Amino acid sequence: MTVTSYGPTVRRIALVAHDNCKQDMLEWAAYNRGTLAQHDLIATATTGRLLADELGLPVTRLLSGPFGGDQQIGARIAEGLVDLLIFMWDPLAQHPHDPDVKALLRVAVVWNVPVACNRASADFLVSSPLLNPAKPAEAAEPSEPGELAEPADQATAA
């Protein structure tokens, strides 16, 4: 299930950070700890360990990115087991597992999973009302067929 399904209020958030971006990820996650604590967190090995230590939250840890962790997260996306991807990658560094990085980004786009690649876009995603959609208010039943019901606040005031 993806965020676009507006399903459960607990989301599965995958967190990945390249070495040069791990400090940014830790600072961002500490700032957003309250929000992250409401969701299931999944991360590649080192990022997951650092986040668990820093935040004191449970983090499902997969393999290190270059050893298949990126592919594991991609597989979870394809299986509908990731709702949001925070992937702080370093665009200025060469990565031996660059094909895996591109594959992860590609599968997220194919499966319509929102992706943040820096702190600014991650802030936008976790502050979106779509992350924790409010339960829709119950619609009042019309009193006569074809007649519109009064809004609940007006009906109780009368």
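How many disulfides does the structure hold? The structure holds zero disulfides, a disulfide being a pair of cysteine sulfur atoms within 2.5 Å. Cysteine 21 takes part in none, and the nearest cysteine sulfur, that of cysteine 117, is 9.9 Å away. Cysteine 21 is buried at 11% relative accessibility, whereas cysteine 117 is partly exposed at 29%. Here buried means under 20% relative accessible area, exposed over 50%, and partly exposed in between, with a 1.4 Å probe and protein chains only.

The model is predicted: local features need pLDDT of at least 70, side-chain atom pairs count only at pLDDT 80 or more, and totals for chains, interfaces and linings use all residues. Residues are numbered from 1 along each chain as its sequence is written, and side-chain values use heavy atoms, with hydrogens and water left out.

The largest nonpolar core has 23 residues. A nonpolar core is a set of buried Ala, Val, Leu, Ile, Met, Phe, Trp, Tyr and Cys residues joined through side-chain atoms within 4.5 Å. Leu15, Met25, Trp28, Leu36, Leu51, Ile86 and Met88 have the most contacts inside this core. Two or more residues each are given to the core by β1 (12-17), α1 (22-31), β2 (40-43), α3 (45-55), β4 and α6; helices (H or I, at least four residues) and strands (E, at least two) are DSSP runs, numbered from the N terminus. The largest share, four residues, comes from α1. Isoleucine 86 touches Ile13, Ala14, Leu15, Val16, Met25, Trp28, Ala116 and Ala122, not counting residues up to four places away in sequence, where contact means heavy atoms within 4.5 Å. Another core, of 15 residues, lies apart from the largest one and includes Ala14, Ile42, Leu62 and Val82.

Leucine 131, in the loop between α6 (119-126) and α7 (152-157), is buried with a relative accessible area of 3%. Not counting residues up to four places away in sequence, leucine 131 touches Thr9, Arg11, Thr35, His39, Leu84, Leu125 and Val126. The C-alpha atoms of leucine 131 and histidine 39 are separated by 9.7 Å, the two residues being 92 residues apart along the chain.

Aspartate 83 is found in the loop between α4 (69-78) and β4 (84-88) and is buried at 2% relative accessibility. A polar atom of the aspartate 83 side chain lies 2.7 Å from the backbone nitrogen of arginine 12.

Asparagine 112, in the loop between α5 (98-110) and β5 (115-116), is partly exposed at 45%. Its phi is positive, near 60 degrees. Most residues other than glycine have a negative phi.

Technical notes: A polar contact is a pair of N or O atoms within 3.5 Å; within protein, one must be able to donate a hydrogen and the other to accept it, and residues adjacent in sequence count only if both atoms are side-chain atoms.
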